[in-house]
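The report below describes a structural model through its strands, helices, cores and selected residues. Please read it alongside the sequence and the coordinates.

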Amino acid sequence: MPYLNRIQIKRLIDEKCIFSNKSINNSQLQPASLDLTISNTCYRIKASFIPNDRPISKIISELMLSKIDLSKEFLLEKNCIYLCEINEQLKLPKEIKGKANPKSTTGRLDIFTRIITEHGTEYDFIDYNYKGKLYLEIIPQSFSIKIKKNISLNQIRFYKSLNDESIERVQKISVHIKKGTVSAYKAKKITSSIDMSKMNYYEKDMYWEKIITKEDYFIIEKDEFYILRSKEKIIIPNDYAAELEPFNDSFGNFRVHYAGFFDPGFGAVNGIPAVLELRAYDTPFIIRDGQLVGQLNYYKIEEIKNNFYGRHIKSNYHNQSLKLAKQFK
């Protein structure tokens, strides 16, 4: 099940299998994925939904609280549900399907997003031969955010196969906690909003509480959001892409990593840790150094000779350790 690389995705664009309300910029093309951009049409809605056999336009008419014009900057309020039309549309061949996920910055800001397709039966999956619009559900959970049209909050990757996905190898992923050091950040409850267009702008202490542990563990509180890092250093070769698969509830009652996709070239030669977004649910949970949280599944792709992940294509997190979203200093 090879993921398509940047060159192959560009070919889909050239063949009008991917097209847009605006021109698709080269900056949207990542090593093995495409950044999707928000149009100026957005709605605040009463509830999440899965379309199944009902047209999305009909569901919007039933759930809409207000229509929003994103040609101007607009504030999306924390814990409210929004549905935005995506600029990019698809006319996929019968052997190509897609899968979407939040971008790294989206996950680090605790913005819950998922793609919805016409007649779709599950979130974030785009079936073979899909033809139609894409919609993005957005739920800011820790911070209210300011956005405007053409911003990218999620990405889509494509793969070509009529068979099930083929995992080449796996790597167990655990958390890194070291007493006496900043081992995690916890989102504060009362903060100002975050303008998604402002980079290296906000003081982290206004939005995040540092977690400095006295031992090699701490307690994750219910409904709180944390940023941690993995104990393992990750290297994704140029002929692989990888996806972080969270473990199920038998390993602990928390959700980990919104943006679980790793591009070819991530970690370069020496490896860098994965940043983990973690939220507990139901009950508080004690998490210790070395606690397993998921596994990294590696998938084969056609080798990328140029434009793999790293500084040279201006990847934001190519040298990360315990790194917050790019909006923070």
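Strand S26 (residues 285-288) has a covered face made of Phe285 and Ile287, and an uncovered face made of Ile286 and Arg288. Strands and helices are DSSP runs numbered from the N terminus, with helices being H or I runs of at least four residues and strands being E runs of at least two. Strand S20 (residues 217-220) pairs with S26 in the antiparallel sense over four bridges, where pairing requires that DSSP find at least two bridges between two strands. Within this pairing, phenylalanine 218 has isoleucine 287 of S26 as its bridge partner.

## Basis of the model and overall composition

This is a predicted model, in which local features need pLDDT of at least 70 and side-chain atom pairs count only at pLDDT 80 or more, while totals for chains, interfaces and linings use all residues. Residues are numbered from 1 along each chain as its sequence is written, and side-chain values use heavy atoms, with hydrogens and water left out.

The protein chain has three helices and 27 strands. Of its 329 residues, 55% are buried, where buried means under 20% relative accessible area, exposed means over 50%, and partly exposed lies in between (1.4 Å probe, protein chains only). The chain exposes about 15,100 Å², of which carbon and sulfur atoms supply 47%; accessible areas come from the Shrake-Rupley method with a 1.4 Å probe, and for residues only the protein chains shown count as cover. Among contacts (heavy atoms within 4.5 Å) with a separation of 6 or more, 82% are between residues 24 or more positions apart.

## Nonpolar cores

The largest nonpolar core holds 51 residues, and Ile38, Leu90, Ile138, Phe158, Trp208 and Phe328 touch the most other members. A nonpolar core is here a set of buried Ala, Val, Leu, Ile, Met, Phe, Trp, Tyr and Cys residues joined through side-chain atoms within 4.5 Å. Apart from this core lies another, of 26 residues, which includes Val175, Ala184, Phe262 and Leu276.

When residues up to four places away in sequence are not counted, phenylalanine 158 touches Pro2, Tyr3, Leu4, Ile9, Leu12, Ile18, Leu90, Leu92, Ile96, Lys97 and Gly98.

In helix H1 (residues 6-14), the residues Arg6, Gln8, Ile9, Leu12 and Ile13 are buried. They cover an arc of only 165° around the axis, which puts them on the same side of H1; the arc is that of the directions from the helix axis to the C-beta atoms. Their cover includes strand S1 (18-20), S2, strand S3 (33-36), S9 and strand S15 (154-160).

Five strands form an open sheet in the order S2-S3-S15-S9-S11, with antiparallel pairing. Strand S2 (29-30) and strand S11 (125-126) stand at the edges, each with a single partner strand, so one side of each is left without a neighbour in the sheet. Strand S9 (residues 96-102) pairs with S11 over two bridges in the antiparallel sense, and glycine 98 has isoleucine 126 of S11 as its bridge partner.

In helix H2 (residues 56-63), Ile56, Ile59, Ile60 and Leu63 are buried. Seen down the axis of H2, these buried residues fall within an arc of 105°, so they line one face of the helix. On the other side of H2, Ser57 and Ser61 are exposed. The cover over the buried residues of H2 includes strand S4 (38-45), strand S5 (64-69), strand S7 (81-86), S10 and strand S13 (134-140).

Asparagine 52 lies in the loop between S4 and H2, has a phi near 55°, a positive value in a residue other than glycine, and is partly exposed, with a relative accessible area of 38%.

## Two buried polar residues

Aspartate 110 is placed in the loop between helix H3 (104-108) and strand S10 (111-117), and at 0% relative accessibility this aspartate counts as buried. The side chains of aspartate 110 and serine 142 are joined by a polar contact of 2.6 Å. A polar contact is a pair of N or O atoms within 3.5 Å; within protein, one must be able to donate a hydrogen and the other to accept it, and residues adjacent in sequence count only if both atoms are side-chain atoms.

Glutamine 295, in strand S27 (residues 292-300), is buried with a relative accessible area of 14%, and a polar contact of 3.2 Å joins the side chains of glutamine 295 and lysine 172.
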